[in-house]
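Subject: Structure handover

Hi,

Please load it first, then read the notes below.

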Amino acid sequence: MRQTLLLDASYYPLKMIDWKKALTLFFTQRAEVVEHHSDIEIHSPSDSFKLPKVMRLFTKVGQTNIVKFNRQNIFYRDHFTCQYCHIPFKAKDLTLDHVIPKSKGGRTDWENIVTACGPCNNKKGDKSLKEMGIKLKKKPKEPMWMSFFLLKLGQKEKSVWSDWFALKKP
Ligand SMILES: [Zn+2]
């Protein structure tokens with residue numbers, strides 16, 4: 001079944017929700033439909049509804065636009081790619097590493113934690129990038145919520161998103 005893009009009151013995209021959740025929000029009058037899927041209808045014995053494609057909540061949702069600093073999200077930011085050898089891995093083969101080692105005052109934050117494969121992590125140990133003679137694939141920083149939202153979407157969801165984006169353009 002199709003998914004629905006949920007916006008907050010100021011049209012800021014929050015997440016994708018399934019159609020049941022979308023209809024619940026609609027019938028409990030917590031959200032309005034901004035756009036329908038043109039090709040899908042849901043039928044009940046007495047009625048039919050077009051499936052919402054984009055919905056907008058009536059209430060503002062505060063502070064949802066911050067990407068949580070955790071293992072999974074760091075992997076996503078780094079595209080599941082070891083930042084030292086630049087090779088992509090499965091999550092189970094990846095670790096997190098302090099670029100500036102903890103022992104040398106390196107912080108545990110978006111700017112100093114990167115995705116590393118096991119072998120690279122072992123090799124690097126407490127050495128600096130200079131000592132190792134390696135370059136990071138990308139300078140680590142806190143991801144922007146919007147681009148992160150897109151990154152985590154599946155292909156189908158992406159098309160809803162791009163339709164919505166096209167809708168907003170003049
Ligand atoms: Zn590696």
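Helices (H or I, at least four residues) and strands (E, at least two) are DSSP runs, numbered from the N terminus. On that basis the protein chain reads β-β-α-β-β-α-β-β-α-α-α-α along its sequence. That gives six helices and six strands.

This is a predicted model, where local features need pLDDT of at least 70, side-chain atom pairs count only at pLDDT 80 or more, and totals for chains, interfaces and linings use all residues. Residues are numbered from 1 along each chain as its sequence is written, and side-chain values use heavy atoms, with hydrogens and water left out.

Zinc site

Four cysteines supply the protein donors of the zinc ion: Cys-82 (SG), Cys-85 (SG), Cys-117 (SG) and Cys-120 (SG), lying 2.3 Å from it. Donors are N, O and S atoms within 2.8 Å of the metal (3.2 Å for Na, K and Ca); water is not among the atoms, so sites may look incomplete. The angles among the four donor atoms run from 101 to 121°, and the site is tetrahedral (four donors, all angles between 85 and 135 degrees). The donor spacing in sequence is C-x2-C-x31-C-x2-C. Cys-85 sits in the loop between α2 (71–77) and β5 (94–98), and Cys-120 in helix α3 (residues 118–124); this pair links distant parts of the chain, 35 residues apart.

Cys-85 is partly exposed at 29% relative accessible area. Cys-120 is buried at 9%. Buried means under 20% relative accessible area, exposed over 50%, partly exposed in between (1.4 Å probe, protein chains only). Of the 170 residues in the protein chain, 38% are buried.

Arg-77

Arg-77 lies in helix α2. Its relative accessible area is 10%, so Arg-77 counts as buried. The Arg-77 side chain reaches the backbone oxygen of Ile-113 at 2.7 Å.

Aromatics

Rings of Phe, Tyr and Trp (its six-membered ring) pair if their centres lie within 6.5 Å; planes under 30 degrees apart count as stacked, over 60 as edge-to-face and the rest as tilted. The count is four aromatic pairs. One of them joins Phe-69 and Trp-110: centres 5.2 Å apart, planes at 75°, so edge-to-face. Phe-69 is partly exposed at 34%, while Trp-110 is buried at 7%. Tyr-76 and Phe-80 also pair edge-to-face, at 5.1 Å and 75°. Phe-75, Tyr-76 and Phe-80 form one aromatic cluster.

Best wishes

Definitions and conventions. Tetrahedral: all angles 85-135°; square planar, octahedral: opposite > 155°, others 65-115°. Polar contact = N/O pair within 3.5 Å; in protein donor to acceptor, adjacent residues only side chain to side chain.
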